[in-house]
Number of protein chains: 2
Amino acid sequence: MREFTVTFRPQARSVRVSQGTDLLTAATKAGIILSASCGGEGLCGKCLVIVDKGTVKAEASRLISARERQRGMVLACQAIVESDCEVTVPAGSVEIHEHAGHDAEEFTKGVVLERESRFVFSPLVRKVYVELASPTADDSTSDLDRIEGALKPKAGAFRISTRLTNVKHLSEVLRESDFKVTATLAYRDGALEALSFEPGDTTANNLAFAFDIGTTTVTGQLIDLTTKTVLGTRIAFNKQSPYGSDVITRIIYASEPGGLETLNAAVLDNINEIIGDLVAACRVTLSDVYAVVCAGNMTMMHLLLKIDPSNIRKAPYVPTVSVFPPVNASELGFEINPKGIAAFLPGVSTYIGGDIVSGVLACGLAENEELSLLIDIGTNGEIVLGNREWMIGSAASAGPAFEGSGLACGMKAVKGAIDKVVMDGNLDVQLETIGAGAARGICGSGYIDLLCQMLKRGVIARDGKIRRDTGSRRIRKAETNYEFVVAFKGEDGAAEDIVIQDDDIENLKRSKAAIYSAVIALLDKVAKSITEVKKIYIAGGFGNYLNIANSIFIGLLPDIDRGVYEFIGNSSLAGARMSLLSHEAFEKTSELYKSITYLDLSAEPNYMDEYIAALFFPHTDLGRFPSVRL
Amino acid sequence: MREFTVTFRPQARSVRVSQGTDLLTAATKAGIILSASCGGEGLCGKCLVIVDKGTVKAEASRLISARERQRGMVLACQAIVESDCEVTVPAGSVEIHEHAGHDAEEFTKGVVLERESRFVFSPLVRKVYVELASPTADDSTSDLDRIEGALKPKAGAFRISTRLTNVKHLSEVLRESDFKVTATLAYRDGALEALSFEPGDTTANNLAFAFDIGTTTVTGQLIDLTTKTVLGTRIAFNKQSPYGSDVITRIIYASEPGGLETLNAAVLDNINEIIGDLVAACRVTLSDVYAVVCAGNMTMMHLLLKIDPSNIRKAPYVPTVSVFPPVNASELGFEINPKGIAAFLPGVSTYIGGDIVSGVLACGLAENEELSLLIDIGTNGEIVLGNREWMIGSAASAGPAFEGSGLACGMKAVKGAIDKVVMDGNLDVQLETIGAGAARGICGSGYIDLLCQMLKRGVIARDGKIRRDTGSRRIRKAETNYEFVVAFKGEDGAAEDIVIQDDDIENLKRSKAAIYSAVIALLDKVAKSITEVKKIYIAGGFGNYLNIANSIFIGLLPDIDRGVYEFIGNSSLAGARMSLLSHEAFEKTSELYKSITYLDLSAEPNYMDEYIAALFFPHTDLGRFPSVRL
């Protein structure tokens, strides 16, 4: 088959693709993630590109305007490469702006949080060093019985088992190490499974990965299970994004021939890239990594385990599995020690996945006596209300705006992301970036500050539109709408202008409205008022920081005593990490998931009214936000 | 690579082999099992063949006598094929006489024995049919939770688990069967594992195989786990035999490059051939077979699981594993349902393997109050003495004579084997064959009868030599020694003369001496007399029949009240079958194996004296056999 080279501008990336490949696929291969919410079906009209040189075979589409056609634009997903090509990618077609430089950050380096020590330290995978008596004529017990006998006193009430493959070289390992060996034991299915026997004392080398597999972002963390420390964290946009921006389009894509395999390979690629990166960056040995724990929503888990997710989007919305069997990491394609294991946080239902169960575990809501609330701001906004007696959960389609996706200058909460913004009366902006790096874009917490400041300083009206009449040099007309320049090229090290546009604000407004109205609908359902809630945990991929006061100011969160709020960061990741550090924590989730009742918001009569009323800053009804003075 | 055709006579079998192949390998490929106790190393000088036509490259060997060389004989293991060849195989070079016709028999057809119903019927693999409620908006539990919920009330105290692979198509299976499905559940590692979910009610189709993997013979039995019946039995000589006639030579062979793989493939071939044969003969469906339970000695189990057995023959004789982890049948290469399981009876030590533990389970010795003895007459003669308080076990190198191996007309206890012999004063012989078939050879029980009758009628002296002076037409000189013709060609349907030779008797005498003296040494060790033993179980591959009185007459068994004896057949196979029919029986063995103490006979000062004293019929000391009148 013939191969062609496709070069993308302005990214200046080239890839070799075989004849018949479309430009969307070629772009993905080049690491450029185009907008394609239809999953590459030619239906959403978002993946517009300009072919500057070379030949493509492209169908005419009524989704391309006359002006766009005049500029030579085609839909990348419908354009088949027929020669070497040079292609320009307009900024508006890019779903995810990766920007330059390292798009990853170690933000939780150091010891794990106090909150996580609620459970006894007893990692999911333990290493135990034993010195065995050498066999004699009077003691010719088999090698396996000998080592199991030595391990038994250290296993408590747990039965020890092992697999055949782990036994094959046992006799060599024992004899080359003079019967001094380290057993790696994993808690699985109510027993302790010996995963490996290594010569000598290797107990100091016991590593694992915690993963939050989000629809938009994938976050991985390397944990030292001996010292209980986080060695490093990496965040990446989910490589499934080109095949659909939300779970519904991905499920549709998965039902096409080869679709499930493609989506599975994409997220595996994310995982293995993060594993490889962190192992290299932290200078540790890959074979010391024996466990991966993943938390994610139902669809993400089905795709990761290569299970057909199609029933998730067909009434009555039944997942195939909600408690995932433990598996060998190698069976799934996780590139850690081939004898290592993978475990998954269980989900409640199609809409309340393992990421939320993980969050409930992490924040401790299920142990609280007082009424508590967990709000997880991700691609969906999930909410769990309750205490140790009962829990009710729900999900709002918030979209990925607060994850920095789908916005002109949005990015993840990594080094260089603007995460704090203060504005003076002259509309001049003081900003902080994560890691004090050169400003590269704006992350969720930065957008919250920015919206709050723009609202306070009158840059935007309560409907979110940028005022055209301020006379500020920072406000200008962009291609299709107005924008506010947060940082001009050169300011704070910005390589180009960093802006927020009318469309971005509209996106963010819808997200905040979806989350706020879901909270209110859930409280209404159980006839509770927000003032009865004594603890509100805010979770999301905001990095280390979220300004609660500003979140209230823009109407994202209810206007009550700030002291009730606690920002807990990525709680899905935290629950996965806790599961690694304590098998008791992990086992708790298999009870916990059963006690959360799911509430379908779309069946709640007041939800849509609440949502529409929330499409103002902070809200149509200012009486709900008494502390907000405009 | 060039290929040549090698034709063997008188078997009239041809095979194609590639250049460089030796004649021993070629013969094995042709299904002709030559004597080669050294494992094909050119050391034992037994695999003599005559090359009639064609060229072989053969080293001179001092193991070939001048007369043999004159006849054109070469060692098959040292003769490399260099052209098409025609080869004559002298009868004396054949280890195992397969004879013509079907060399397999269904001898235990019908319901299982009463003895085996000591344990509650609760098969190792169960099928459970459930009709599930279809999901609704109010009940959108995941598919796996739904089926596990329905199975739970039927699982008792057992936790239900399943593997990822079994979940992949669950949603389709449930929906195509309108949520009426059969779960196949296996007891493993203290839990119930769901192996498969099948549409509809398939509980009537639940099959399994029990195997006794002996050094010399492999016996398999197809069991219907629903009706508790044996559907059929097959016996075959172990295909590892050409690589060594005993466990020591096989362990040596296994340590050569590729040796372990070759031996493993050979026994797998045995197993899969028996599985295929019985499934076809019983007209059942292979995919209904979900379990295989195997019992065998330590070396056989290591080779079957492809675990290096080398430490078994190095002091202090430590096996790698004695309690074998449960495995997936497909992982081992067992050709049953790919989701099926394999389980193995645990062994005590290098010398008391899972076959004996299986036998102890089968006969019930470990539950007896009175002192009992199990004597298993196989390639080794293993003995267990004790009761429910204590057990001591030992092994004697008896050799495979009573299994019909290494004898001029020996065969397994299958259709056509002479298993009963009566002789009159004229030395005329009345005989019975298994299945009343045409006489094809002599099996173990036939040899015991024959020796007894020959001794009684004076055909042999007490040293076992055939008398040259009787004048009987049945006694004649054979090539190297004398022989007695049990059946002339035509008598009892014999296709050729069936004989017993001096060498055969010598072989049998050594076997019986090894077993008898081991029994005495074991009793001496614990200061018990044979008269204190209230129950003696005799096990071995003798088919349905063993004449205890005759066994005593030749000195194989101690001369006490016949009522103490019970012949229980292949008890290794019976224990495997019991383990299939009751998981409680199987689990009992993991306790049982620990309570048997091994006694090393070679370290017992009186054993060798006892052995030498037993090298007469019935014994040097006739006072030990008061009932024997000669």
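In which sense do strand S11 (residues 180-188) and strand S12 (residues 191-199) of chain A pair, and over how many bridges? These two strands of chain A run antiparallel to each other, and eight bridges join them, where two strands are said to pair if DSSP finds at least two bridges between them. The model is a predicted one, in which local features need pLDDT of at least 70 and side-chain atom pairs count only at pLDDT 80 or more, while totals for chains, interfaces and linings use all residues. Residues are numbered from 1 along each chain as its sequence is written, chains are lettered from A and ligands numbered from 1 in the order in which they are written, and side-chain values use heavy atoms, with hydrogens and water left out.

**The two chains**

- The same surface serves both copies, since 100% of the contact residues of chain A recur in chain B; contact here means heavy atoms within 4.5 Å.

**Sheets and strands of chain A**

- Strands, like helices, are DSSP runs numbered from the N terminus, with at least two residues (E) for a strand and at least four (H or I) for a helix.
- Four strands of chain A form an open sheet with mixed pairing, in the order S9-S11-S12-S10.
- At the edges of this sheet are strand S9 (125-131) and strand S10 (160-162) of chain A, each of which pairs on one side only.
- From one strand to the next, the twist averages 40°, with axes taken as lines fitted to C-alpha atoms (for helices over the stretch in contact) and angles running from 0 to 180 degrees between N-to-C directions.
- Elsewhere in chain A, strand S22 (residues 417-423) and S23(A) run antiparallel and are joined by five bridges, and A:Ile418 has A:Thr433 of S23(A) as its bridge partner.
- Strand S23 (residues 429-433) of chain A has a covered face made of A:Val429, A:Leu431 and A:Thr433, and an uncovered face made of A:Gln430 and A:Glu432.

**A sheet of chain B**

- An open sheet of five strands in chain B has the order S2-S1-S7-S3-S5, again with mixed pairing.
- Strand S2 (13-18) and strand S5 (73-75) of chain B stand at the edges with a single partner strand each, so one side of each is left without a neighbour in the sheet.
- Strand S3 (residues 48-53) of chain B pairs with S5(B) in the antiparallel sense over three bridges, and B:Val49 stands opposite B:Val74 in S5(B).

**A helix pair of chain B**

- Helix H9 (residues 354-363) and helix H13 (residues 571-581) of chain B pack at an angle of about 70°, with their axes 7 Å apart.
- H9(B) and H13(B) are therefore roughly perpendicular to each other, because angles under 35 degrees count as roughly parallel, over 145 as roughly antiparallel, 65 to 115 as roughly perpendicular and the rest as oblique.
- Among the residues that make this contact are B:Asp355 and B:Leu361 of H9(B) and B:Ala574 and B:Met578 of H13(B).

**Backbone features in loops**

- A cis peptide bond with omega of about 0° joins A:Ala315 and A:Pro316, and A:Pro316 lies in the loop between helix H8 (298-304) and strand S17 (327-328) of chain A.
- Another cis peptide bond, also with omega of about 0°, joins B:Arg9 and B:Pro10, and B:Pro10 lies in the loop between strand S1 (3-9) and S2 of chain B.
- Although A:Asp178 is not a glycine, its phi is positive at about 55°, and A:Asp178 is partly exposed, with a relative accessible area of 48%; buried means under 20% relative accessible area, exposed over 50% and partly exposed in between (1.4 Å probe, protein chains only).
- B:Leu427, in the loop between strand S22 (417-423) and strand S23 (429-433) of chain B, has a positive phi near 65° and is buried, with a relative accessible area of 8%.
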